[in-house]
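Please keep the sequence and the structure in view while reading.

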Amino acid sequence: MKNYYYNSPASFDELFQILNENDGERCEIKYLAGGTDLVPRINLEREALPKAGEKDLNIVYLGKLGLDTVTEAEKEVRISALCTFTEMENCETVIKNIPEMLSAVREIAGITVRNSATVGGNIMNASPAADSVPMLLALNAQFVLRGPAGTREVPAEDFFTGPGKTVADRSEILAEIVIPRQEGKAAFQKIGRRKAETLSIVNAAAYVKAEGNTCKEVRIAVGSAASTVVRCKTVEQALQGSELTAEAIKAASEAVLDDISPIDDIRATAWYRKKVAPVVVRKAIEEALAVK
């Protein structure tokens, strides 16, 4: 029978000791933050028939490590990984410095989920459909990983390696998200099966810095249309240095089909995603240009 264990370290030293005592061969480690995704998965797993060779599960709660702050620096905003989405919505530092994040945060699930769900959990879950991630890529965020050997920063666009997979190793946790201050504007768009509280069929974030009507800097990220959220370099190249006319934006948005590789799943077909992805990207770009 599979055994379940629970730990709640009060310091990073205690956390790393727990990791050192669990080599991963006999016991799997799962980090618990808000629990809005992990707890339902564990409940489903416990109801299923046991499988031969299943590892025990050690649930490690991260809530006592002080990872729930938002700090403002001269060139960046640093969001600790255990900040909930509701805390981000109501945080004056976020509202003042990176209001673009709010357009994505407010599209994540419903209020009751956002009260518990954390930005770090949404990132580390590594879902291709995660609604916070495209905006973090568009804003050129860095993810700070902390482990026994110290800390390292990884660009958001290099962080994800596949569904449920990241570059973090088993001894590292996500500690902070660092978002540099931006001169341009950004916006988020998604399409789902309902108007609210729905997973994305396709989502997109666009960051655009314009001088007059010329595009000087652009970053586009699309989710739920490949094995990870992706930077859409073909779209960016089409817009960079161009006049931001309706025709140019539409043509560049169509180029997203060269950057994505959608699949059929329970929410939509690959064919449908290919049809709507250019529209979602175009709307995100247009909204970013309209932000004052």
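An open sheet is formed by three strands in the order β1-β3-β2, with parallel pairing; here strands (E, at least two residues) and helices (H or I, at least four) are DSSP runs numbered from the N terminus, and two strands pair if DSSP finds at least two bridges between them. Because β1 (4-7) and β2 (27-32) stand at the edges with a single partner strand each, one side of each has no neighbour in the sheet. From one strand to the next the twist averages 25°. β2 is joined to the parallel strand β3 (residues 56-61) by six bridges, and K30 stands opposite I59 in β3. Across β1, β2 and β3 lies helix α2 (residues 38-47), running at about 145° to β2; axes are lines fitted to C-alpha atoms, for helices over the stretch in contact (heavy atoms within 4.5 Å), and angles run from 0 to 180 degrees between N-to-C directions.

This is a predicted model, in which local features need pLDDT of at least 70 and side-chain atom pairs count only at pLDDT 80 or more, while totals for chains, interfaces and linings use all residues. Residues are numbered from 1 along each chain as its sequence is written, and side-chain values use heavy atoms, with hydrogens and water left out.

R78 has its place in strand β5 (residues 76-80). Leaving aside neighbours within four places in sequence, the residues in contact with R78 include T69, V144, E153 and E176. V144 is 66 residues away from R78 in sequence, with 9.7 Å between their C-alpha atoms.

Strand β13 (residues 214-223) is mostly covered, eight of its ten residues being buried, that is, under 20% relative accessible area, against over 50% for exposed and in between for partly exposed (1.4 Å probe, protein chains only). Its pairings are as follows.

| Partner of β13 | Bridges and sense | Facing residues |
|---|---|---|
| β12 (residues 200-211) | nine, antiparallel | E211 and T214 |
| β14 (residues 230-231) | two, antiparallel | A221 and R231 |

The hairpin of β12 and β13 has two residues between the strands, and G212 in the turn has a positive phi of about 65°. In the hairpin of β13 and β14, with six residues between the strands, S224 takes a positive phi near 65°.

The count of disulfides (cysteine sulfur atoms within 2.5 Å) comes to zero. The sulfur of C91 is 7.2 Å from the closest cysteine sulfur, in C83, too far for a bond, and C91 counts as buried at 14% relative accessibility. For C232 the closest cysteine sulfur is in C215, 14 Å away and too far for a bond; at 0% relative accessibility, C232 is likewise buried.
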